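Me: I'm new to this one and would like a close look at a single part of it. Here it is.

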Amino acid sequence: MKLRRTIFFVFPVLLITDLSLAVESTDTAFFESKIRPVLVENCYKCHSVESGKSKGGLLLDTQAGTLQGGDNGPAVVPGKPDESLLVAAISHAQPDLEMPPKKARLPDGVIADFKRWIESGAADPRTESTGSLSHAPTDLESGRKFWAFQKPQPPPVPKSDKNAPWPKSDTDQFILASLEKKDLTPSPDAAPAVLLRRLHFDLTGLPPSQEEQSAFLKRVDESGIDAALAERTDQLLASKSFGERWGRHWLDVARFAESSGKESNFTFPEAWRYRDYVIDAFNRDIPFDQFIAEQLAGDLLPAKDDAERARLLIATGYLAIGPISLNAMSKEQSLADVADEQINASTQAFMATTVACARCHDHKFDPVSMEDYYAMVGIFRSSKTYYGTAVGPDNQLGGDLIHLPDSLDLPVFYKAIKPEKVAELKQEKIDLIEKENEARKKAEQAVKEGKDPSEFFSLQMAIAGLWRKGAIDGQLSLVGEEGNPNTMCMGVTEGEEIKNSPVYERGELATPLESEVPRGFPEVVQLSDPPEIPDDESGRLQYAEWLTHPDHPLTARVLANRVWKHLFRTGIVRTTDNFGFNGERPSHPDLLDHLALQLVTEHKWSVKGLIRELVLSRSYRQSSDFRESAFLKDPENRLLWRMSKRRLDAEEIRDAILFVSGDINLTRPVASIIGRTGDRNAALLPFAKNIPADLDGSVHRSVYLPVVRDRLPDVLELFDFAESSLVTGDRETTNVPMQALYFMNSDFVEERSTSFAQRVKSDAGSEREAQFKAAFQRCFNRRPDSEEIVLATEFFSNEPGPDSLKRYCQALLSTATFRNLD
Amino acid sequence: MMNAPFIPSRRTLLKSISSGFGYLAYASLAAEESSKAGRKNLSVRSPHFPARAKQVIFLCMKGGPSHVDTFDYKPELQKRNGEPWRGGPARLLSSAQEFKQHGESGLHISSLFPHLAKNHADDLCVINSMHTDLPNHPQAYAQLHTGSFQFVRPSLGAWSLYGLGSSNQNLPGFVTLNPPSDMGGANNYGSAFLPAIYQGAKIGGGQLPALFSALSGKTEEPGPPMKNIDNPHVSRKTQRAQIDLIAGLDQRKLEHDHYHPEIEGSIQSFELAYRMQDEIPDVLDIQSEPESIQKLYGVGRSGDGDRFAKQCLLARRLVESGVRFVEVTAPTSWDHHSLLNQNLAKSSEVTDQPIAALLTDLKNRGMLKDTLVVWSGEFGRTPYAQGLGDGRDHNNKGYSMWMAGGGVKGGYAHGSTDDFGYKAIDKPVHIHDLHATILHLLGLDHERLTYNYAGREFRLTDVYGNVVTDIVA
């Protein structure tokens, strides 16, 4: 203690270093502070599973690899720095073994640290297996041995004697077993109010109201926490807010956006229909195998009526909402890029595998060949994608939309045009074509006579004609014969021609190789009776069947892992979108297999079923409180000795502010701003009359905010929304001053603070203390303690003005405490 | 205001340490660093090797300036005006500009840039052998900024910031002034899969697509220069009280949680944000510059000339304040398909004086040696006329760009195109090579500056790029 006190006044960073030295003898802290960062910085690039490199046969990212060493022998011999090759290498003691290569020798202090570390026994917590493979399994045989490509087997459920009363489920048994292996114990249950807040945000993305909290606590008193939790869980799963939260998780993975992105960013006015479809699918708990089939091949599934037909067509919007180059040099190239995007997005979303890496060469890290890739290209090139943007300047690739049954009375925003106008447009097109043909004939004649043809027909004229015709086609496609607006959606149908694709050398369309690859799926996955693609079908339906086949090693694991990630903050496989060699290995492989099998056999692919099982586990109930001894053993909480804390995501932050201020409108708005504004270049959105500058201006839930690629509403942009051109299973969390500026200065927070204060006044009357207590209660669902009362009193004595309650409310909404979950 | 008390966050740090968890915080952060999710702040990082340039000002000449009218002198082209190009219908179009040699180095610069030629010929390092993959604006523009026209990738500025961090935490580390809102929009200053803190902060409204601009008479998007930087409804005093209250409440939480980087980071963010509110408007306030400096840049000239003068002056103020990478998009299009000479005169007139002033100003302040100034469009233009008209078409096969300061040779021309300026033939430099070279000048090895995304190590130059060592001073 004395040491700490004396260095209070020293520069903090020095202080931290000194302290870390002070505890060097304890355990692995020395390793974490002095050794690991050096290894990561200087060695992992060539010697780690993550980099996919093990030069000289050496891996330095695990204890086992380090001790075992490479071609030259053990890198580290505990207790014996002189015999440890690692020390020799970093000291540049041998001329042919100077590490890191082509760089200056590491500082003497660092080398001394390594010697000291090895001398004292080379404590190394990196004992988790990162897989036995030391090189990437790129051939079929070793690929099939890689854990992720092996079918999950039902693991034996462990049973603990030491902590017998703790586990409530099989999940708990697995968690407990791996904790006990490290001499760790689980944390006690969180307090009921903390649990309720956690459950509410995790399931619906909204905080509990004060009334809901009182009711819950009363229920806990009456019938115990188990019954109260189960009851509340069922209620939340049944609420429509559930789909708005979990649908949004899927929209991240589905790289959902309402514009084409890339160079010519045109809006997709019909994309919102897919968004609503996803939300509804989660609320209806459509089994996930069916959900996959609907998105990949809804057009090919049977429908009992027009409404169901429309729903299934809208589902295929999944394949059409990806980023697309509307200004590509050729139509052919653009179609190839669309298929590539569809392969990339779907294999990453459903299998956490990057098949699209094999477009130009066999995959460098995973057992995916170019043949595998082009087998899938055949499937998507035999389909037609309807992304529906109008031809015009900056957009040479107008696309159609799918016409939905008009009988359904779905919202439509195109204006009706008069029947005469329809006829007029049709005539204009005929005239244009005729005129163009004449001009072309004259030009041809001119060429024959050796005259300049451009007088009659130039490239500019051709382009102008194309734009005009495109514009007419666009207008006509949106209305029926009578000029009544059509109901349209984005999506995919079977193409005009069903055909296999050749392999293109280096992925270039100019260099097709001779043989075609039959349409199919990556060979590394072995199924007992794989679906066969009929000659006259694209194969999308079979793709869905293949993905959800009971033998498939990835789909159920990937989904279970995604669900786990959202409930336990980190995936069992941390790289949720990459289960390949370069992804991380599971922290609990048996648990992952168990959950994947449960999902399919027990829950019949019901996402709600799996969520319910997990949130009712004891593991989920743990307190997030800090425990020093456990923290030292497992600082990243990979073994789940507590619930990890998390910052709320962008939508939750905005929704919680709306909720507390009382402004929130929980109904679903019709369409989205983009749907109501129509087709245009995103650069022109700031000029559209009905669009506010922050692209927000609404009090509906955040899932309904417009998602235009590269042009997000401020709140989404600032609080780490998913990059909507990429598959995102795990968002970043950053902490930057621009976020603070949003709380301090944005119109949105300003308006919410006003309403918040008004509601507090009407609830609590005019007495100051009653007001700030009520505000606190409304924001945090608890009464302020004595110190918090002192802080509030101080604030009001410094700020006695008429606005002070509003400023107090704004400050409460701005606290990190408000946007972090225990 | 600049010296506003920093008490709450220091108290936070000390309290968290006094409760014995400082070293734990460190251990855990080290572990976090080790995971690939590390590098979530903008603190300064050492380059791979000693840097020649510490910061970059990228003067982006949107539209593709004609190299044969500016920096690539082609006597053969001048002689053969009107002759058919390669036997086709196209006719060679000689340059109407007068080319002279300037400075001690004798660098060729056309009469379009009198200020630059007179004062800085010996500072410029011209590359006359640039080439890029496609002669189409959006793709070439994206490739110039991100290396890729096919995929959404982090921009050059984002990579630079990722590699080096920023020395001023009160300002964004990467700023782009009035970027075009089309041509890929935010992708050109985006961070793609890099953490969002590396993306460029847009200051000033986006420039509108040319077509729309012509139709509407508006050149920029509406709105304040930067969002949420000011709240007209609240005084600084009240804000200070709010921030103390926020910190006090969060401090309570932190004491309970012992170790909670999110909360600790947020307390600091609010302090920083509070100071940014003053620092950013201060930096943006170019009126505070002496009149002589404003005049040097040409502030107060008419229209676009005035706007570009202000942009250049602001760029200097930003790098002076520690911003790592500043991009300035000139408010003039170089896409001269027709009326070549009138349009060239206009675009050069807008840009010449401010650019020359920027170089002079940087030099006078001793900053040019550390600041790499880059002048480039997305491609060049054809040596033949477009159609039978009086303009030039896009040309990606050969064009010119220049750099100055930041460790490049001055008064030097690198590589060359053929006799007509059509194709780079001697020492060709691809965009990937240019990117590798810019990173090299910043002390970064383009092969080692990688980020693991979706199981692959990505870099700005993909699998390409060679550093053009010839141009390094």
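How are α11(A) and α12(A) oriented to each other?

Reply: A quick word on the ground rules. This is a predicted model, where local features need pLDDT of at least 70, side-chain atom pairs count only at pLDDT 80 or more, and totals for chains, interfaces and linings use all residues. Residues are numbered from 1 along each chain as its sequence is written, while chains are lettered from A and ligands numbered from 1 in the order in which they are written.

Now your pair. Helix α11 covers residues 240-253 of chain A and helix α12 covers residues 272-284 of chain A; they pack at an angle of about 120°, with axes 7 Å apart. Helices here are DSSP runs (H or I, at least four residues), and strands are E runs of at least two, numbered from the N terminus. Axes are lines fitted to C-alpha atoms, for helices over the stretch in contact, and angles run from 0 to 180 degrees between N-to-C directions. So α11(A) and α12(A) are oblique to each other: under 35 degrees is roughly parallel, over 145 roughly antiparallel, 65 to 115 roughly perpendicular, and the rest oblique.

As for who touches whom, α11(A) brings residues including A:Phe242, A:Trp246, A:Trp250 and A:Leu251, and α12(A) answers with residues including A:Val278, A:Ile279 and A:Phe282. Contact means C-beta atoms, placed from the backbone, within 7 Å. By class, this contact has 7 nonpolar, 3 polar and 4 charged residues. (Ala, Val, Leu, Ile, Met, Phe, Trp, Tyr, Cys and Pro count as nonpolar, Asp, Glu, Lys and Arg as charged, and the others, Gly among them, as polar.)

α17(A) is mostly covered, with 11 of its 12 residues buried. Buried means 20 or more other C-beta atoms within 10 Å of a residue's own, exposed means 12 or fewer, and partly exposed is in between. Among the buried ones are A:Tyr373, A:Tyr374 and A:Phe380. The buried residues of α17(A) pack against α16, β3 (383-386), β7 (501-504), β8 (512-517) and α20 (540-547) of chain A.

A:Gln333 counts as partly exposed because it has 15 C-beta neighbours inside 10 Å.

How values were computed:
Two residues are in contact if their C-beta atoms, placed from the backbone, lie within 7 Å.
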